[in-house]
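These are notes for a first reading of the structure. Please keep the 3D view open and find each residue as it comes up.

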Amino acid sequence: MAMADKERWEQRYMSGWRSQTHKTLLDFYNLAPVGKALELACGTGENAIFLAKKGFDVDAIDISCTAISIAEDNAKREGVNVNFLCADLDEYTLPENTYDLIINFYYLSRRLSNPIVKALKKGGLLIFETYNQKHMIIREDFNPDFLLKDGELLELFRGLEVLYYREEFNVSTLVGKKV
């Protein structure tokens, strides 16, 4: 990821911005076998902490070291262990056949679709949600490179059994299982 993007995220978190637990996670996490989980672009760690409280052994990655520091403090305060890592996902290699659950909210790196599928164990679950091109109606300044085309999420993860798929206005959601 470009250094400018990393700095932008650092500034956002330093100014008090926080991520949140996502409703889609609450709706579907229970379809995954409790085991090892990974959150990509975890922000301040709310989703990862939620999963740790549910018994998952969680790895969580974000490019912002400020966000990771906040997430570590949050996990400590909540009394759970999460393996937080400050890393650029454009350079990080996902371990294969490792995770029972992978979650990705509002982060899009198309080059990660194959590594994500490979990182899932057989029977593992992916919960993926991010903005699509209709988001430009709301935010004209949003970088279109990070917006899904209609149906693209299905194409990116065509190797998974689709358990849930929805394109609702500016958000696309996929829940898929590795068979």
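1. Buried means under 20% relative accessible area, exposed means over 50%, and partly exposed covers what lies in between. K36 has a relative accessible area of 22%, so this residue is partly exposed. Please keep in mind throughout that the model is predicted.

2. Which residue does K36 meet in a salt bridge? The partner is D57, and the N to O distance between the two side chains is 3.5 Å. K36 belongs to strand 1, residues 36–40, while D57 belongs to strand 2, residues 57–62; the pair therefore ties together parts that are 21 residues apart in sequence. D57 has 45% relative accessibility and so counts as partly exposed.

3. K36 and D57 are also part of a network. Salt bridges with shared partners join K36, D57 and D59. In the whole structure, the search finds ten salt bridges. Two others are taken up below.

4. K53 and E78 form a salt bridge through their side chains, with 2.4 Å from N to O. This pair links distant parts of the chain, 25 residues apart: K53 is in helix 3 (residues 46–53) and E78 is in helix 4 (residues 65–78). Are these two residues buried, partly exposed or exposed? K53 is partly exposed, at a relative accessible area of 48%. E78 is partly exposed as well, at 42% relative accessibility.

5. The helices that carry K53 and E78 can be described as a pair. In general, two packed helices are described by the angle between their axes and the distance between the axes. For helix 3 and helix 4, the axes come within 10 Å and cross at roughly 30°. Angles under 35 degrees count as roughly parallel, and helix 3 and helix 4 are therefore roughly parallel to each other. The crossing of helix 3 past helix 4 is right-handed.

6. Which residues meet where helix 3 and helix 4 are in contact? From helix 3 come E46, I49 and K53; from helix 4 come A71, N74, A75 and E78.

7. R110 counts as partly exposed at 28% relative accessibility. E152, in contrast, is buried, because its relative accessible area is 13%.

8. Next, the cysteines. A disulfide is a covalent bond between the sulfur atoms of two cysteines. The count here comes to one disulfide. C65 and C86 form this bond, with their sulfur atoms 2.1 Å apart. The torsion about the S-S bond of C65 and C86 is about -85°, so the disulfide is left-handed.

9. C65 is partly exposed, with 39% relative accessibility. C86 is partly exposed too, with 27% relative accessibility.

10. C42 is in no disulfide. The nearest cysteine sulfur to C42 is that of C86, at 9.2 Å, whereas a disulfide needs two sulfur atoms within 2.5 Å. C42 is buried, at 2% relative accessibility.

11. Last, two backbone angles. Most residues other than glycine have a negative phi. A41 has a phi near 55°, a positive value in a residue other than glycine. A41 is in the loop between strand 1 and helix 3, and counts as partly exposed at 21% relative accessibility.

12. What is the phi of F169, a residue other than glycine? The value is near 45°, which is positive. F169 lies in the loop between strand 6 (161–168) and strand 7 (171–177). With a relative accessible area of 41%, F169 is partly exposed.

Key: Residues numbered from 1 in each chain as written. Predicted model: local features only at pLDDT ≥ 70, side-chain atom pairs only at ≥ 80, totals over all residues. Heavy atoms only, no water. Salt bridge = Lys/Arg side-chain N within 4 Å of Asp/Glu carboxyl O. Helix = DSSP H or I, 4+ residues; strand = E, 2+ residues; numbered from the N terminus. Buried < 20%, exposed > 50% of the residue type's maximum accessible area, 1.4 Å probe, protein only. Axes fitted to C-alpha atoms, helices over the stretch in contact; angles between N-to-C directions. Parallel < 35°, antiparallel > 145°, perpendicular 65-115°, else oblique. Left-handed = near helix turned anticlockwise from the far one by under 90°. Contact = heavy atoms within 4.5 Å.
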